[in-house]
Amino acid sequence: MLTHYRYSLASPIIEEMKSVKNEVEIQGLKRAHRRDGACFVQFLAWMDEKMSKGSEITEWEAARRLTKFRRKAKNYMGLAYETISASGSNAAFPHYHPRKSDSYIISKDIPYVNDSGGQYRDGTCDTTRTMHYGRPTLEQSEAYTRVLQGHVGGDLKILHANACSFLVSVDRHRHRCLPKGHDRCPTRCPCAEEIMARRSELSRELIHVSDLFY
């Protein structure tokens, strides 16, 4: 509320209401995630079959195939956001999405990341998974494990408004596996998938990571 020379901030009523889900919303989200999860499992099975046969699947083709599975689901309204389908160093770009003209072929030697979700009438979904269709190197496994430890450590903490306790936990493990000279704001934390992909492609000087909190 604005006054002559001073002002005071009213409590964020809308944000507070949105942050607390009622029973109808909760049940809707559960149904949507079960439905979306089934689509993602179909996609994973399709990928496993194709990769085991030696097929050349591009990032763009993989994203397109996953969308096809989701379109058949009940209450589907579209994608929650543009599908992030990235192989190797492409996974180091925030919110990367492939183009048909120049997308990478998914290799058995480097990680493949899929970050995607469907938008349904009863809920919005967001799933991120890292796949490796060969045998990960020790470096890839180490990077993935360290960031996973950071996330697990953060999950066990009680978060304050600024989430500092969580970020410090993630940051501690992150710096044990990132390249030297990596300089990022401490209020941003990495996704394990992006770090693992970056560590397998050392041609870039910096890693770009997206916010964990959307």
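## Contacts and basis

Of the contacts (heavy atoms within 4.5 Å) in the protein chain between residues at least 6 apart in sequence, 61% join residues at least 24 apart.

The model is predicted: local features need pLDDT of at least 70, side-chain atom pairs count only at pLDDT 80 or more, and totals for chains, interfaces and linings use all residues. Residues are numbered from 1 along each chain as its sequence is written, and side-chain values use heavy atoms, with hydrogens and water left out.

## Secondary structure

The protein chain holds six helices and six strands. Both are DSSP runs numbered from the N terminus, helices being H or I with at least four residues and strands E with at least two. Their pattern along the sequence is α-α-α-β-β-β-β-β-β-α-α-α.

## Surface and burial

The protein chain has 214 residues, 40% of them buried (under 20% relative accessible area, 1.4 Å probe, protein chains only). Its accessible surface (Shrake-Rupley method, 1.4 Å probe) is about 13300 Å², and carbon and sulfur atoms account for 54% of that.

Three strands form an open sheet in the order 1-4-5, with antiparallel pairing. Strand 1 (76-79) and strand 5 (123-124) are at the edges with a single partner strand each, so one side of each has no neighbour in the sheet. Pairing requires at least two DSSP bridges between two strands; strand 1 and strand 4 (residues 118-120) pair in the antiparallel sense over three bridges. Tyr76 is opposite Tyr120 in strand 4.

Helix 3 (residues 59-71) lies across strand 1 and strand 4, and runs at about 165° to strand 1. That angle is taken between N-to-C directions, from 0 to 180 degrees, with axes fitted to C-alpha atoms, for helices over the stretch in contact.

Technical notes. Buried means under 20% relative accessible area, exposed over 50%, partly exposed in between (1.4 Å probe, protein chains only).
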